[in-house]
Amino acid sequence: MVEMKGKLRTDEGKELYMGRMYTAEPVFGQMKQNRGFREFLLRGKEKVNVEFLMMCIVHNIGKIEGFVKREGKNLKEILKNGIWGANQFVVGTKNVVICA
């Protein structure tokens with residue numbers, strides 16, 4: 001652990017660690033920490049896919065809520081004009097697209 005801390009304190013280590021913020025890791029971390037999503041409640045691939053999709057929908061609704069609050073507009077106006085100014089990146093999975 002001490003070795004890893006030493007590596008992270010170098011310029012190269014700091015740069016690599018900062019790059020992790022732009023991957024899918026924060027999305028999964030938020031799902032685990034903020035929503036308490038630590039394990040699937042259902043069994044079987046189909047059921048797990050549906051459960052994960054539901055968590056992604058909840059996550060994306062939260063992102064939309066934050067965007068609406070930041071912009072200080074009402075949702076109807078934003079939907080009418082589009083959200084093309086939103087900073088987002090897309091992480092693709094087999095059946096789900098997560099925007100963060």
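**Figure 1. Confidence in helix H4 and strand E1 of the predicted model.** Mean pLDDT (the predictor's confidence in each residue, from 0 to 100) is highest in H4, at 86, and lowest in strand E1 (residues 90-92), at 42. Over the chain, pLDDT averages 75, and 77% of the residues score at least 70. Helices (H or I, at least four residues) and strands (E, at least two) are DSSP runs, numbered from the N terminus. This is a predicted model, in which local features need pLDDT of at least 70, side-chain atom pairs count only at pLDDT 80 or more, and totals for chains, interfaces and linings use all residues. Residues are numbered from 1 along each chain as its sequence is written, and side-chain values use heavy atoms, with hydrogens and water left out.

**Figure 2. Residues 86-98.** Across this stretch pLDDT stays under 50, and the model has 28 contacts (heavy atoms within 4.5 Å) beyond four places in sequence for it. Where pLDDT is low, predicted coordinates should not be read in detail.

**Figure 3. Crossing of helices H3 and H4.** The axes (lines fitted to C-alpha atoms over the stretch in contact, with angles from 0 to 180 degrees between N-to-C directions) of H3 (residues 25-35) and H4 (residues 45-71) come within 11 Å and cross at roughly 90 degrees. H3 is therefore roughly perpendicular to H4 (65 to 115 degrees). H3 contributes Val27, Phe28, Gln30, Met31 and Arg35 to the contact, and H4 contributes Phe52, Met55, Cys56, Val58, His59, Gly62 and Lys63.

Figure 4. Of the 100 residues, 18% are buried (under 20% relative accessible area, 1.4 Å probe, protein chains only).

Definitions and conventions:
Buried < 20%, exposed > 50% of the residue type's maximum accessible area, 1.4 Å probe, protein only. Parallel < 35°, antiparallel > 145°, perpendicular 65-115°, else oblique.
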